[in-house]
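Trainee: I'm new to reading protein structures. Could you walk me through one, feature by feature?
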Amino acid sequence: MSYVLDNDQIVLRENVKIDFLDRAYVFGDGVYEVIGVYNGTPFKLEKHLARLQYSADQIELNIPYELEELNKKLMELIEKNQLFTGFIYLQISRGVAPRTHHFPQIEVSPKLIAFTTQTTRLPEDFYTNGVKTMLVEDTRWLRCNIKSLNLLPNVLAKETAIKNDCFEAILHRGETITEGSSSNVFVRKGNKLYTHPADNFILNGITRQTVLEICEKNDIEVVEEPFTKDFILHADEAFLSVTFLGILPIQKVDETAIEVGEITKKIQDELYQLTHKSGIASL
Ligand code: PDD
């Protein structure tokens, strides 16, 4: 059975009602989070909720209730759906109002929806041999640090990648690599890792932040500075980081092959240990 968190109520999926004048539907006016769940436990839930709060604040959207309460409701949802391995999708829209671009002049209640998906990670081969990627121009707006529902440029970039037999589109603004269409990008050159700084050009991934913690603990130097297309094409190693899937080595950028190296494997293993602490789930 599939239950959904509909504002503060956990209800059966078929009982959820979404109005077509919901501003998420007509404008993409809302924010969201994707939270990985391993062994029935959400990974870094507080951090996801803090980022949700940040995104909501940035678009002047009120989260309908306290984060502590939301945390409890999401735990209840996991329990109710008997979710073991997978993720929670959570979104909040500004609510239902007559369609005008500006914020509604009338009192409108934000609409919160959360559902769970039971799934497995990718086949082992993706983690050992890596994934193919391609460079795609980053055509997004300039506030990519907000996890907003407006994902059309990301969708189109990912679709271009898929059509070209690639797993991910690596986005670049001019010469500068920003991030993946739905992941963050890391490159090793010599004994340092490089990743785009957490500014308005990228989403500061929760997995990215965890990679930084892992690197700190393991004395791996990370340089948070923009790097170029040419730099990634001459990488010693490169990988993607994203919720639930974890660390995916990059085996190819366009036609350039990149070796899957030891630093990527080390970070991959460390993250795996953190996410699968209770040790019963496997890849
Ligand atoms: N996306 N950058 C972008 C543009 C993303 O969409 C995501 C994740 C990330 C990685 O963030 P995190 O480590 O917090 O998952 C970076 C989610 C998974 C999605 O939209 O489905």
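This is a predicted model: local features need pLDDT of at least 70, side-chain atom pairs count only at pLDDT 80 or more; totals for chains, interfaces and linings use all residues.

Trainee: Which residues make a nonpolar surface patch with Leu151?

Mentor: The general idea comes before the case: patches are made of residues with over 30% relative accessible area and no salt bridge, joining like charges within 9 Å and nonpolar side chains (Val, Leu, Ile, Met, Phe, Trp, Tyr) within 5 Å. Accessible areas come from the Shrake-Rupley method with a 1.4 Å probe, and for residues only the protein chains shown count as cover. Here, Leu151, Leu152, Val155 and Leu156 make a nonpolar patch of about 360 Å².

Trainee: Now the empty space. How do I read pockets and cavities?

Mentor: Rolling a probe the size of a water molecule over the atoms shows where empty space is left. On a 1 Å grid over the protein atoms alone, a cavity is a set of points where a 1.4 Å probe fits but cannot get out; a pocket is an open set with protein on both sides within 12 Å along at least five of seven lines; and lining residues have an atom within 4 Å of a point. Grid points are joined across faces, edges and corners, and a volume is the space filled by probe spheres set on the points. In this model, the largest pocket holds about 1100 Å³ of space.

Trainee: Which residues lie nearest the centre of the largest pocket?

Mentor: Tyr32, Lys147, Leu151, Ser181 and Ser182 do, out of 42 lining residues. By class, the lining has 18 nonpolar, 16 polar and 8 charged residues. For those classes, Ala, Val, Leu, Ile, Met, Phe, Trp, Tyr, Cys and Pro count as nonpolar, Asp, Glu, Lys and Arg as charged, and the others, Gly among them, as polar.

Trainee: And how many cavities of 30 Å³ or more are there?

Mentor: There is 1, and the largest cavity has a volume of about 80 Å³. Its lining includes Gly36, Tyr38, Phe43 and His48. Strand 3 (30–38), helix 6 (206–217) and helix 8 (262–275) are the elements that give two or more residues to the lining of the largest cavity.

Mentor: A salt bridge is a side-chain nitrogen of Lys or Arg within 4 Å of a carboxyl oxygen of Asp or Glu, and the search finds 19. One of them joins Arg94 and Asp29, with the closest N and O atoms 2.7 Å apart. Arg94 lies in the loop between strand 5 (86–93) and strand 6 (111–118), and Asp29 in the loop between helix 1 (23–27) and strand 3, so the pair ties together parts that are 65 residues apart in sequence. Arg94 counts as buried at 8% relative accessibility, and Asp29 counts as buried at 10%.

Trainee: Where do Glu159 and Lys163 lie?

Mentor: Both are in helix 5, 4 residues apart, about one turn of the helix. Glu159 is partly exposed at 37%, whereas Lys163 is exposed at 65%.

Trainee: One last thing: how do I read phi?

Mentor: Most residues other than glycine have a negative phi, and most peptide bonds are trans. Lys44 has a positive phi of about 55° although it is not a glycine, and Asp165 has a positive phi of about 60°. Lys44 is partly exposed, with a relative accessible area of 22%, while Asp165 counts as exposed at 55%. Asp165 lies in the loop between helix 5 and strand 8 (168–173).

Methods. Residues are numbered from 1 along each chain as its sequence is written. Side-chain values use heavy atoms; hydrogens and water are left out. Buried means under 20% relative accessible area, exposed over 50%, partly exposed in between (1.4 Å probe, protein chains only).
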